[in-house]
Amino acid sequence: MPDYNRKATFYWWLVVICGGLILVHCAHQLAPMSDTVWLQIVLGTSMAMIAGLMPVRVAGSTNSFTAGEIFIFLLLLLHGPAAAAVASALEALVGACRTSKRWTSRIASPAMAAIAMFGTGSLLQAGLDLGAKDGLTADLLTLLGAIAFAIAYFMANTVLVTMVPRLKRNEPLRLRDFFGSFGWLGVAYAGNASVAAFLFLNMKQSGVVAVIAAVPIIAILLTSGHFFFRREEAAESVRKANDAKAEQAARHVLELESSERRFHSAFTHASIGMALVSFNGTILQANQSLRTLLGLPEADPHSLLLRSYLAPESIAILDAELERVRDGQRQVRGVELLCRHQNGSDVWMAIHCGSFAEPGSGEPCFILQMHDVSARRRAESELQHIAFHDNLTGLPNRHRFHEHLASAIEFASGNPGSRPFGVLFLDLDRFKLINDSMGHSAGDAFLQAAALRITRVVRPSDVVARLGGDEFAILARDGIDEAGLRELANRLQLALREPMHIDGVEISATASIGITMSSIGYQSPEEVLRDADTAMYKAKASGKARFEVFDVSLHAQVANRLVLEADLRRALAEEKLTIQYQPLIDMKSGALVGFEALARWHHPTLGHVSPALFIPVAEESGSIIQLTDFILRRACRQLAKWQARNPRFAELTMHVNVAGNDLASGNFVQRVSDAVMGARLRAGHLTIELTENILMERLEAAKMLLDQLHELGVGLSVDDFGTGYSSLSHLSNLPIDSLKIDRSFVENLAADSKEAAVIRAIVLLGHSLDKQVVAEGIETQDQLAQLRELGCDVAQGYLISRPLDEAAVDSFLDRLLRRSGEAATNVIDIRSRATFVG
Ligand code: C2E
Ligand code: MG
Ligand code: MG
């Protein structure tokens with residue numbers, strides 16, 4: 001009893017036990033009956049059971065009745081409720097087996113039928129017995145009694161049966177349960193009862209023959225009724241199924257119509273662009289939004305091809321997408337395509353595509369939903385631009401440059417025979433100076449102007465980027481070789497040198513450029529930039545305004561700066577550094593006036609390391625103070641020795657270079673004074689050389705310091721003059737004794753050249769401020785003659801002498817001493833251009 005609750009279970013048991021007891025009681029009552037009676041009971045019961053197999057369904061309901069009731073009612077009238085109860089129980093068993101698979105129903109139904117029949121049958125019998133006593137006509141009474149009984153029986157049975165589901169659902173029994181399903185079924189019962197009463201009465205008059213004669217008639221009537229109703233039922237269910245189908249089809253058509261209406265309305269009034277496009281790409285229909293988006297003609301755009309409104313690069317993407325949809329791939333992906341408006345402007349569209357067949361027409365086509373994503377794409381590309389570009393110059397930034405470089409490296413390594421590329425690392429030489437002295441807006445303008453110059457020089461396929469500050473990088477592609485890169489670097493220098501007008505001031509820029517090439521076999525952008533930077537650093541250190549090409553030996557020299565720093569510190573501690581002295585001569589007489597002390601370092605494994613390399617290392621690692629002190633002391637002592645050799649050398653001077661960090665050291669004046677005193681030198685015989693850049697970078701601090709040095713009597717010279725950005729007002733305020741024109745001007749000196757004009761201006765400026773003008777880097781007689789003509793006072797350069805070590809200076813001085821007369825200290829005969837020593 002899976003779905004029976006406690007009440008229903010109790011009720012079931014009650015019914016089954018009562019029914020069972022009643023049937024036992026009936027069997028007990030029937031036992032003494034005669035054989036004839038038993039035969040009638042068996043026959044009647046059998047008829048009832050057979051008839052139970054052929055129920056007649058009541059029209060319009062799920063209920064049915066059988067002709068079996070006629071025989072049961074007849075048995076009731078003939079032999080009393082006991083016989084009828086047994087027959088009805090057996091007939092109910094047949095019915096339950098036919099209609100239900102549940103054993104609970106198959107047991108309970110016969111029990112209920114037995115209870116209902118025994119109860120109502122006993123009442124009928126009592127009623128008929130009572131009626132007979134009242135003297136009413138027996139036949140009419142029998143008929144009416146049978147009808148009343150049938151109704152009572154039907155109701156009793158109905159209630160007993162209905163109780164089960166009510167109890168299961170915990171619902172109270174309602175009055176409707178007694179009459180609810182009455183109607184035709186009740187009438188059928190009443191009819192059966194009438195027939196039974198009629199047979200009973202006939203039997204009483206004509207004997208059992210009347211019943212036997214009536215049985216086939218009843219059987220035929222009921223059988224044909226059964227089959228007629230079965231057929232009707234089948235026809236009815238077919239009709240119902242057809243009706244349902246027709247109703248569904250009608251509903252479907254209505255739905256289709258309304259969905260089509262909805263679709264058309266959605267299509268026409270949609271705020272996004274929509275189009276139906278044939279499989280060959282022709283626009284079949286376009287809504288108003290799409291017409292506006294693409295500027296399609298108002299008339300039906302039938303003969304237009306969708307791809308004629310696409311940018312060339314988008315056509316293949318659309319074709320692939322349409323093919324995907326045509327192949328039945330339903331997954332909606334969507335693509336973004338660049339479209340062309342009729343007026344030529346670009347429109348970015350997000351396009352979703354599906355296949356579509358208009359109901360009825362059967363011809364499939366594409367349905368495209370397109371919406372304008374131009375604003376988003378613009379914002380994205382702006383963001384992208386901001387992320388990858390420098391906003392001052394508009395050039396790609398370091399990040400972007402890295403990407404370009406990475407793809408160039410990847411291409412080169414994937415295609416061994418591919419065209420080489422080169423990278424130029426460019427650092428503007430005077431940016432800091434301009435920024436500090438003229439202000440940031442001038443600095444920005446300078447950078448912008450420089451960026452413009454650089455981009456004008458390179459080829460369209462090259463990438464120029466601003467890496468930060470005053471650093472730029474150029475990726476030169478398309479198979480450029482070393483000669484090409486050198487030429488490019490020269491062109492860049494020339495372009496930058498062209499005067500720029502910043503805040504009304506004419507500025508000529510120079511840059512230190514480091515070059516490296518893909519032939520080295522780089523694996524990462526970092527490596528390329530590191531080497532180009534190294535080469536740039538070397539260019540800067542060897543006097544700026546020049547370029548250096550990276551080679552592996554350079555890498556070996558500087559790759560491991562930390563090792564170099566440690567080596568330098570050790571060399572200083574062990575006093576392994578040496579000094580070379582380069583003579584300076586008087587331009588008018590050719591007489592030796594002094595020397596410039598130049599530091600030299602012979603590295604145990606690297607060999608000669610240029611001061612251009614190790615001086616910055618010393619500055620950065622903090623050992624410059626020690627280095628300067630060493631040079632100062634040694635050079636001063638050496639000069640004192642040379643001065644002491646002969647009175648003719650008593651006025652020789654020593655020029656010593658100092659670094660920016662020396663000035664910042666706090667006790668610089670003290671250190672200089674100690675060196676001079678330690679060597680017992682007159683302070684006036686020492687000249688401190690400070691590069692123009694150092695001076696300008698630390699102008700405020702330098703001023704006080706220079707005043708103190710001046711007071712001490714030490715000479716001051718501005719080295720590499722012309723490469724920095726000194727203003728006249730600054731120079732006139734500083735206690736400077738000489739200006740040393742940068743080697744780059746001398747190098748490119750030619751009659752009527754720009755360099756000649758610059759030198760003439762420097763000489764004019766220097767002399768007007770009562771300062772000597774020194775020219776360094778003189779390598780040719782022509783340069784010497786021109787510089788003399790331009791009015792320079794002192795000369796220095798390989799033409800006169802290369803830097804010499806102590807011993808070489810000794811023999812140099814010896815040779816001078818061997819000469820006699822007034823011009824005994826003359827190194828060179830200016831007029832005859834003959835060099836006497838060197
Ligand atoms: P600088 O002070 O301008 O020194 C002149 C440089 O030009 C020297 O290079 C010298 O050898 C080179 N030179 C002289 N005449 C000629 C010539 O006719 N042609 C060419 N091509 N070069 C010539 P060096 O010795 O390599 O020194 C480079 C720079 O290193 C120096 O430039 C100076 O700024 C720095 N330096 C050298 N020694 C010291 C030092 O002891 N202390 C500091 N702080 N800096 C030093
Ligand atoms: Mg110098
Ligand atoms: Mg110099």
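Predicted model: local features only at pLDDT ≥ 70, side-chain atom pairs only at ≥ 80, totals over all residues.

With 30 Å³ or more as the threshold, the count is one cavity.

Which residues line the largest cavity? They are I688, L690, L695, L706, L716, S717, V718 and I736. By class, seven of the lining residues are nonpolar, one is polar and none is charged. Two strands, β19 (686-691) and β20 (715-721), each contribute at least two residues to this lining. The greatest contribution comes from β20, with three residues.

I turn now to ligand 1. There are 22 residues around ligand 1, and those that come nearest are R600, D719, R743, E779 and Y798. The shell divides into 10 nonpolar, four polar and eight charged residues. At least two shell residues come from each of β16 (592-603), α20 (611-621) and β20. Here β16 gives the most, with four residues.

In the side chain of Q582, an N or O atom lies 3.0 Å from a nitrogen atom of ligand 1. For E596, an N or O atom of the side chain is 2.9 Å from an oxygen atom of the ligand. For E779, the distance from a side-chain N or O atom to a nitrogen atom of ligand 1 is 2.5 Å. How much of ligand 1 does the protein bury? Taken alone, ligand 1 exposes 780 Å², and the protein buries 86% of that area.

To close, I would draw attention to β20, which supplies at least two residues to the cavity lining and at least two to the shell around ligand 1.

Conventions:
Residues numbered from 1 in each chain as written. Chains lettered and ligands numbered in written order. Heavy atoms only, no water. 1 Å grid on protein atoms, 1.4 Å probe; cavity = no way out; pocket = protein on both sides within 12 Å on 5 of 7 lines; lining within 4 Å. Points joined across faces, edges and corners; volume = space filled by probe spheres on them. Nonpolar A, V, L, I, M, F, W, Y, C, P; charged D, E, K, R; others polar. Near = heavy atom within 4 Å. Polar contact = N/O pair within 3.5 Å; in protein donor to acceptor, adjacent residues only side chain to side chain. Areas by Shrake-Rupley, 256 points an atom, 1.4 Å probe, with all protein chains shown as cover.
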